[in-house]
Every structure is written in structure tokens, then in C-alpha cells.
Amino acid sequence: MYFLRMWRAKKKLLCACIFLLALCIFIWAPKRYSALDISNRMNSVPEVLLDERLWAAKNYEHIHFRVKGEAAGLLAKNVCRCENEEMPVNIPLSKPIFHLASAVQLKRIFSISELEDLKKKRDQEYEKFLKRSQSPLDLLIIAKANSPLEYPVQGLQVRPLKSILIPGLSLQASTRDIYRVNLTASLGIFQLAAEVDEVSFQGDGEMHLSLSSPQTENLNKQLQFVMYTNTLFHPNTADIVHFTTDGYEAYFSIKVQHPTPPKLYHPGTSGEYDISALVTIATKTFLRYNMLRKLIKSIRKYYPTVKIVIADDSNVTEKVEGPNIEQYFMPFEKGWFAGRNLAISQVTTKYFLWVDDDFIFTNETKIEKLVDVLEKTTLDVVGGAVREVTGYSTTYRQKITVEAGGDDGDCLHTRQGFHHIIKGFPNCVVTDGVINFFLARTEKAQQVGFDPKLNRVAHLEFFIDGLGILHVGSCDDVVVSHASKIRLPWTKTKEDKLYATYRYPKALGSNKDLQYRLFYFKNRFKCMTGN
């Protein structure tokens with residue numbers, strides 16, 4: 001009896017050990033995950049949609065037509081060119097007087113052998129960019145005429161690996177014995193949240209769902225309970241659903257996307273706009289501490305508590321002291337745009353005001369006005385005006401366009417001007433680029449960033465990189481003064497002379513060469529024009 005009890009106890013212990021071992025293996029064993037190809041964001045597009053014949057017009061070749069040159073000329077031809085603008089009659093100084101555009105052919109700065117290799121690498125990187133950035137939502141879909149299918153046209157969205165009911169599905173067909181519809185997806189499955197009488201179905205829980213019924217009302221009721229569940233994870237893509245019935249087909253998109261969490265900033269507690277809580281003033285300095293201290297003194301006269309962030313890449317540095325001042329030292333001559341990146345990376349407020357280190361605040365430098373524009377519009381950046389010692393003020397408003405140019409690259413065009421006046425702000429306009437005195441949404445400017453390769457002369461490049469991302473405005477009633485650059489030779493200090501050797505080097509062409517190289521490879525431009 002004793003041995004029997006011992007044997008049973010050992011048996012229980014052995015079973016327990018086996019169970020624990022199996023549990024450990026289950027918990028710690030490497031998990032098997034399904035492999036999903038994320039190399040190309042167009043994978044969810046049905047192949048039939050990639051066939052251009054779906055969009056081809058019917059054969060109307062026998063019908064005569066006349067091309068309206070003026071209207072047809074507005075269409076993109078994918079063969080852009082950059083040409084100098086000329087006056088009909090040769091007039092001295094006509095370009096600066098009449099703001100005529102000059103053209104630059106970017107590939108001329110390269111040798112033949114270098115150009116061939118560079119273009120090959122650029123084409124490879126461009127293909128990768130297209131695959132990474134294109135979405136199924138970019139695809140053109142043509143709706144067939146008089147379809148009896150009803151479906152959601154836009155606005156349908158599901159979070160990754162989550163489920164939704166698909167609203168608006170319906171069949172409005174003429175009388176027939178059996179009413180049928182089919183739904184096909186590629187990134188998820190269909191499920192039925194309820195079953196309706198007299199409706200047959202196949203594919204519940206699969207990528208292809210078929211529904212049929214002798215009663216159209218019953219079928220449409222069943223369509224109200226069709227669910228879509230995303231099963232292949234991607235944080236931001238779309239599934240193109242194929243919806244068919246006898247003799248008809250349609251496509252609609254379901255956006256698969258994580259909701260973007262808001263990034264909110266506390267507005268402060270004092271007044272309508274608490275500038276110290278909303279705005280940080282950012283600047284970059286290099287060898288000009290006398291100018292920098294004048295700037296800070298003028299800021300403190302009107303905004304005594306606003307934070308000032310300074311990026312400094314001088315070789316012999318000086319500590320700038322004062323409340324709410326943060327000074328960040330960089331390697332010597334690190335550069336203009338690198339300094340901008342450093343400065344705005346330390347901004348913790350909703351907006352930052354960018355100023356040069358030789359600006360002077362006056363009673364016309366009303367940050368509140370610029371804040372009011374950004375608070376009440378969809379703009380991301382709003383520039384002011386800079387007044388020179390001569391009394392002349394400039395806003396440097398630039399319209400920027402990129403024209404399609406085919407395999408050789410696109411054409412960049414910049415022109416002085418703006419698009420339209422902003423309603424409610426008569427002194428403000430919408431444009432694409434502004435002067436070095438602007439208020440910007442911190443998060444949007446950080447999204448674009450400043451290319452640190454541009455270390456000497458750069459400004460408009462930021463707005464070119466931000467084209468399609470930044471909504472830009474300009475107001476000429478918010479003015480900052482520019483310290484005089486007019487200095488008699490015998491009044492220039494040692495600091496002035498040293499700064500000039502870096503700011504205006506003899507080999508200034510090397511900076512243009514770098515700019516053109518970046519435009520050619522990074523931005524894929526073949527040429528540019530500007531006035």
C-alpha cells in the first residue's frame with residue numbers, strides 16, 4: 001500500500017513537471033510571425049487597376065476634333081525647360097529692373113563621367129523614394145457609368161489590425177431571380193456581424209466574400225452588417241476593395257492608419273496670447289557678439305521674459321549671460337543650417353521666431369500679430385518684414401513651383417510675389433518662401449529640417465524642401481530693423497574683418513556649386529530659373 005501511494009505521488013509530480021516544461025516551452029519558444037512585404041506600398045492594389053487599359057478612352061478615332069492651343073498648353077507635358085527671360089529689345093540692366101528670370105542648367109557643373117555615374121545613382125534613389133512614398137490612395141480609379149453598386153467613396157478608415165463596419169454598401173439592380181455581390185480585399189478579411197434571413201454567403205472570415213439572395217431588400221440588409229478587419233499590419237497604407245455584381249464592378253479604398261496623437265502646447269496664463277509661453281526666439285551667431293548683445297537688449301525692451309536660444313559656432317567663444325537665455329556651442333564653422341537645426345531642436349514652445357543675430361527689435365516688431373495669424377489660420381510659417389538702415393523694407397516673398405521634366409529631372413522655378421491676400425488679415429498674403437524673420441510652428445519646421453550641408457549661404461532651400469509640407473504666409477506690418485552693414489574702412493573692427501572673410505569668402509562660387517549639386521541629386525532638379 002505504501003509503495004502504491006509513493007508511486008501515485010511520483011506520477012503526479014512527473015505529470016506536473018511535464019506540464020510546467022510544456023508551459024515554459026510555449027511561453028519562451030520563438031514566436032512565428034507572418035512575413036509581410038513592406039518594400040512597396042502599392043502591393044494592395046489589384047492588378048487590374050495597374051493595367052492602363054482600364055482607364056483608356058473608348059475608340060472614338062473616327063471623330064474629328066480641334067485642339068485649343070491656349071487651353072491645352074496649360075497641361076503638364078513632362079518635358080519642362082529652363083530658359084532665360086529676355087526683353088524684345090536689348091536694354092541695359094533690364095534683368096534687375098524688370099525682374100527677368102535667369103536660368104541655370106544644373107548638369108553643366110559636372111564632368112561627363114561624373115554626371116553619368118551621378119544620374120544612375122540618382123535614378124536608383126528616386127525609384128526607392130517612389131516605392132516608399134507612394135500609397136494606393138494615389139492611384140487613379142475611374143468609376144464605370146450607371147453602376148447599380150453603392151459604396152463609400154471616401155472617408156473610410158480603420159486602425160491597423162482593427163475592425164469596422166463598411167457603411168453605404170447597397171445593390172440597386174433591376175429585377176432578377178438571384179441578386180449577387182462579391183467583395184475582395186488584399187490587406188484584410190470580411191466578416192458578417194449578423195446573418196439575415198434568405199441570404200446565402202461564402203467566405204465569411206476570408207479576403208473574398210460572396211453574398212446572394214432572391215430578395216434585394218434582404219441582400220441590402222445583409223450588406224449593412226459587412227465588417228472589414230485589417231490583418232496585414234502597416235501603420236499607414238490603404239486597401240483597395242473590389243466590389244462586383246453581375247456585369248458591373250467598382251473599387252473603393254479603406255485607409256489603414258494609426259491616428260496621429262496630438263502634440264499640444266500649454267498656451268500660458270497671462271492675456272490673450274502669453275508670448276513667453278507660446279514663443280521661443282531662436283538665432284544663430286558666428287563671431288558677432290557685439291551684434292548679438294544689441295539684438296538681445298532690443299528683445300528684452302519689449303519681451304523681457306521670452307526665452308532666447310542661441311546656436312554658436314564661433315572659434316573664440318564668449319558666454320552670453322542673462323535670464324531665459326540658452327547658448328549652445330558647436331564645432332567651429334559648423335554652419336548656418338546646422339545651427340538652425342540645433343537651435344530649433346531645443347525649442348519647447350508651440351512656435352519659434354527666427355531672427356538673424358544683427359536684427360534690432362522696435363515698437364513695430366509685434367510678435368503678437370504673427371501669433372494671431374498662425375492661431376487663426378492653417379499657416380505653418382508667417383514671415384515679417386526687415387527694414388534696412390536706408391528705410392527700405394523687404395519681405396522676400398517667393399513663389400516656388402516645380403515643373404515635371406521626365407527622366408532627366410524636374411524644373412525648379414522661383415519668382416518674386418505671392419498667391420493671394422489672407423481674408424481677415426489685409427497686410428498678409430500666402431506665398432511659398434519668406435525672409436529670415438519668420439514665426440513657425442515648431443513641429444512642422446522640425447519635420448522639414450535644415451540641410452546641414454549648407455553651411456555658408458542658404459535660406460530658400462528650407463522652403464524648397466518644405467514644398468507641399470509647409471503652408472507659408474507673409475505680413476508686411478510686423479517689422480524688425482537690420483543693423484547697418486555700411487561701415488567705413490577705418491571704422492571696421494577686427495571682429496568685423498574676421499567675420500567678413502567667412503561670410504563673403506573669395507571662393508563664393510564653391511557655395512553655389514554645392515547648392516547646385518544638392519538641387520541636382522537630392523531634389524532631382526535638372527535646371528532652375530529665378531528672378
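## A buried cysteine and its partner

Cys411 is buried, at 0% relative accessible area (buried means under 20%, exposed over 50%, and partly exposed in between, using a 1.4 Å probe and protein chains only). A disulfide (a pair of cysteine sulfur atoms within 2.5 Å) joins Cys411 to Cys80, with an S to S distance of 2.0 Å. Cys80 counts as buried too, at 3% relative accessibility. The torsion about the S-S bond of this pair is about 90°, so the link is right-handed. Cys80 sits in the loop between helix 2 (69-72) and helix 3 (94-98) and Cys411 in strand 21 (residues 410-416), so the bond ties together parts that are 331 residues apart in sequence. Helices (H or I, at least four residues) and strands (E, at least two) are DSSP runs here, numbered from the N terminus.

A word on the model: it is predicted, so local features need pLDDT of at least 70 and side-chain atom pairs count only at pLDDT 80 or more, while totals for chains, interfaces and linings use all residues. Residues are numbered from 1 along each chain as its sequence is written, and side-chain values use heavy atoms, with hydrogens and water left out.

## The other disulfides

Searching the whole structure turns up three disulfides. Cys82 and Cys527 form one of them, with their sulfur atoms 2.1 Å apart. At 75° about the S-S bond, the link of Cys82 and Cys527 is right-handed. This pair links distant parts of the chain, 445 residues apart: Cys82 is in the loop between helix 2 and helix 3, and Cys527 is in strand 26 (residues 525-530). Cys82 and Cys527 are both buried.

Then there's Cys428 with Cys475, whose sulfur atoms are 2.0 Å apart. The torsion here is about 110°, so this disulfide is right-handed. Cys428 lies in strand 23 (residues 425-431) and Cys475 in strand 25 (residues 472-482), so the bond ties together parts that are 47 residues apart in sequence. Both Cys428 and Cys475 are buried. Number the bonded cysteines of the protein chain in sequence order and the pairing reads 1-3, 2-6, 4-5.

Helix 8 (336-345) is mostly covered, with seven of its ten residues buried. Those are Trp336, Phe337, Ala338, Gly339, Arg340, Ala343 and Ile344. They pack against strand 13, strand 14 (307-312), strand 16 (351-354), strand 24 (438-441), helix 10 (442-448) and helix 11 (460-465).

Setting aside neighbours within four places in sequence, Thr285 is in contact (heavy atoms within 4.5 Å) with Leu292, Ile310, Ala311, Asp312, Asp313, Ser314 and Asp357.

## Two positive phi angles

Glu333 isn't a glycine, but its phi is positive, at about 60°. You'll find Glu333 in the loop between strand 15 (325-329) and helix 8, partly exposed with a relative accessible area of 26%.

Tyr396 isn't a glycine either, and its phi is positive at about 50°. Tyr396 is in the loop between strand 19 (393-394) and strand 20 (398-403). With a relative accessible area of 36%, Tyr396 is partly exposed.
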